Amino acid sequence: MESMQQWTIPLPNNYRFKESLNFLGRNDQECLHRIHHGHLYKLLTCDQALFLIKIFEEKKELKIDCLNNTPNGHQWQFIVEYVADWLDLTTDLGKFYQFAEKDPVLAPLVGSYFGLGLMGIPELFEALSWAIIGQQINLAFAYKLKRRWVENFGTKLMFDNQAYYLLPTPQQSAVIPDEALKQWQFSRQKIKYLKEIARLLSEGVLSKKSLQELQPAEIEKRLTRIKGVGTWTAHYVMMKCLRIPTAFPIQDVGLHQALKVCLSLDQKPAIDDIRQWEQRWEPWQAYACFYLWRSLIR
DNA sequence: AGCCAGGTGTACA
DNA sequence: TGTACACATGGC
């Protein structure tokens, strides 16, 4: 038990790991995980130690190898919980599919992406910072900014001639000079927002745990009190990090684009029309949004 | 070249 | 409560 190098997780009903890989592999500029030959690699940290894990499917089960280290029982627990959260291994997708069956937008999407869980961002700082980086710029540029931030200021592990990274911690981020980020083409606003959030998290004023004790409406209020966090970002974080299935970032332009395509419209739907869909999708708004995002890939 | 990009804060009626 | 505009730069 104490010296295990591999862990096995049963795959949930209706879940297809291949769909997780399809989504996670959507951008080749991604720097916080790597996909290679159907294997998913990610660097994690627990108890000040680094763990490079490899996740793959074998005999209808999910296997987690730790490549660089030997986690103890407590560390394995952390790793397994992280993976289950990240890859959405605890949701009963069958319930969503039952709901989606009679919906004209969702039914075809479920047909195309059957077995896809909602890929999450378990770390609050990562969810918030990725949302802020992505605000109002195209995704390609957002990935570029994130890569610069992670590669210059995060933690690096070389393994088998390949670099793996950890996002800078809030503590590390709080002391990055503004000019350094400015040089890497972060806007003044993004720098200010990111560093303030880093400060709130490192001082413990804000935490995932404290948010999880609140109701969704209260979480939204708490998050939008932070400068740089509007309703889009709050809902993005509720959806990807806090895993609130009713979260729905209604201003999202990708969502608008996907709906336009799914409904064969000439132009993007009006916000009031989207609001109707949102109500119709209660209590699965986050999954509806995620499947719509998925439909934009490629 | 010009519009758009996984928005938000601020100003002002 | 509602609209206009700055931010700030890349992608296509």
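Trainee: What makes L93, F96 and Y97 in α3 meet residues of α15?

Mentor: Contact means heavy atoms within 4.5 Å, and in this predicted model those three residues meet Y287, A288 and Y291 in α15. Residues are numbered from 1 along each chain as its sequence is written, and chains are lettered from A, ligands from 1, in the order written. Local features need pLDDT of at least 70, side-chain atom pairs count only at pLDDT 80 or more, totals for chains, interfaces and linings use all residues, and side-chain values use heavy atoms, without hydrogens and water.

Trainee: Why is α3 called roughly perpendicular to α15?

Mentor: The axes of α3 (residues 93–100) and α15 (residues 285–294) come within 11 Å and cross at roughly 80°. Axes are lines fitted to C-alpha atoms, for helices over the stretch in contact, with angles from 0 to 180 degrees between N-to-C directions. Angles of 65 to 115 degrees count as roughly perpendicular, and therefore α3 is roughly perpendicular to α15.

Trainee: How do you know that I274, W277, E278 and W281 are the buried residues of α14?

Mentor: Buried means under 20% relative accessible area, exposed over 50% (1.4 Å probe, protein chains only); in α14 (residues 271–281) those four are the buried residues.

Trainee: Which helices do the buried residues of α14 pack against?

Mentor: They pack against α3, α4 (106–112), α13 (253–262) and α15.

Technical notes:
Helices (H or I, at least four residues) and strands (E, at least two) are DSSP runs, numbered from the N terminus. Angles under 35 degrees count as roughly parallel, over 145 as roughly antiparallel, 65 to 115 as roughly perpendicular and the rest as oblique.
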